[in-house]
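Keep the structure in view while reading.

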Amino acid sequence: MHVARKRFGQHFLQDKQVIQSIIDAIAPQPGQHLVEIGPGQGALTLPLLKKTGQLEVIELDRDLILPLKARCAEKGELIIYQADALKFDFNQLIKDSRALRLVGNLPYNISTPLIFHLLQYAAHIHDMHFMLQKEVVDRMAARTGTPAYGRLSIMVQYHCRVVSLFNVTPHAFNPPPQVESSIVKLVPHREFPYQAVDFAHFAYLVKTAFSHRRKTLRNSLRNVITDENWENVQIDSQLRPEQLSLGEYVKLSNSLVNSDGNLRDR
């Protein structure tokens with residue numbers, strides 16, 4: 001019997017009703033390119049494989065791989081990558097025109113950096129269904145001006161439509177986590193509602209603003225934006241970072257980039 005490893009953030013889903021609700025939300029179909037991150041003991045893997053006939057999974061804990069293969073034997077084609085999802089190049093999975101559908105009960109201790117890693121591949125992803133700590137899902141879906149709104153909200157919403165589906169109590173897991181969980185659906189935009197001219201600069205701007213959350217934007221971005229820049233962009237520099245919408249952050253970033261794509265001189 002496998003003992004959950006704290007260093008891997010393992011909490012194995014075992015509630016059959018919750019498992020069925022997740023499968024219903026994903027609605028997997030044969031022929032779709034599904035990839036599961038962190039299959040663990042196969043709670044989602046088996047029903048997904050039965051629905052699609054083929055499934056790719058990424059699992060870090062090598063001790064789980066042989067039992068997973070045994071459980072899934074003759075249920076369909078299971079392709080296993082023994083790898084750290086945080087370092088995994090998802091481009092290697094793209095072998096045809098099918099977009100990826102990512103699913104998983106993500107380790108809560110790496111969920112935020114993993115989401116940022118996955119957003120790099122958004123152009124090749126159809127959708128993502130993840131189990132995450134409820135607090136993280138709340139931050140992803142947060143609206144401008146709310147306490148949960150921050151860098152994660154802006155960067156995820158830049159790339160994706162965020163749908164918080166339902167909550168899951170700790171009793172659905174073994175061992176139970178000390179926090180409530182949520183299922184979130186992320187659907188990458190095919191057309192961006194707001195397009196940054198220089199995405200790296202936009203990302204840096206947002207990160208810098210929220211590294212001094214309690215300061216006004218003028219103070220937190222004083223090394224990035226001049227007084228003249230503020231006047232030209234017509235955004236109130238006395239606002240705090242959480243009071244600016246995604247569209248306004250994109251507008252602010254774009255105002256600092258020349259038509260040739262280079263940053264304006266300060």
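Helices (H or I, at least four residues) and strands (E, at least two) are DSSP runs, numbered from the N terminus. The model is predicted: local features need pLDDT of at least 70, side-chain atom pairs count only at pLDDT 80 or more, and totals for chains, interfaces and linings use all residues. Residues are numbered from 1 along each chain as its sequence is written, and side-chain values use heavy atoms, with hydrogens and water left out.

**Two loop residues**

Q234 sits in the loop between helix 9 (227-233) and helix 10 (246-255). A27 belongs to the loop between helix 1 (16-26) and strand 2 (33-37). Neither phi value comes from a glycine. Buried means under 20% relative accessible area, exposed over 50%, and partly exposed in between (1.4 Å probe, protein chains only).

| Residue | Phi | Relative accessibility |
|---|---|---|
| A27 | near 50° | 37%, partly exposed |
| Q234 | about 60° | 67%, exposed |

**Helix 7**

At the N-terminal end, D198 caps helix 7. A side-chain oxygen of D198 lies 3.2 Å from the backbone nitrogen of A200.

Which residues of helix 7 are buried? They are H201, F202, L205, V206, T208, A209 and F210. An α-helix has 3.6 residues a turn, so residues three or four places apart point the same way. The buried residues of helix 7 pack against helix 6 (151-159), helix 8 (217-220) and helix 10. Contact here means heavy atoms within 4.5 Å.

How values were computed:
Polar contact = N/O pair within 3.5 Å; in protein donor to acceptor, adjacent residues only side chain to side chain.
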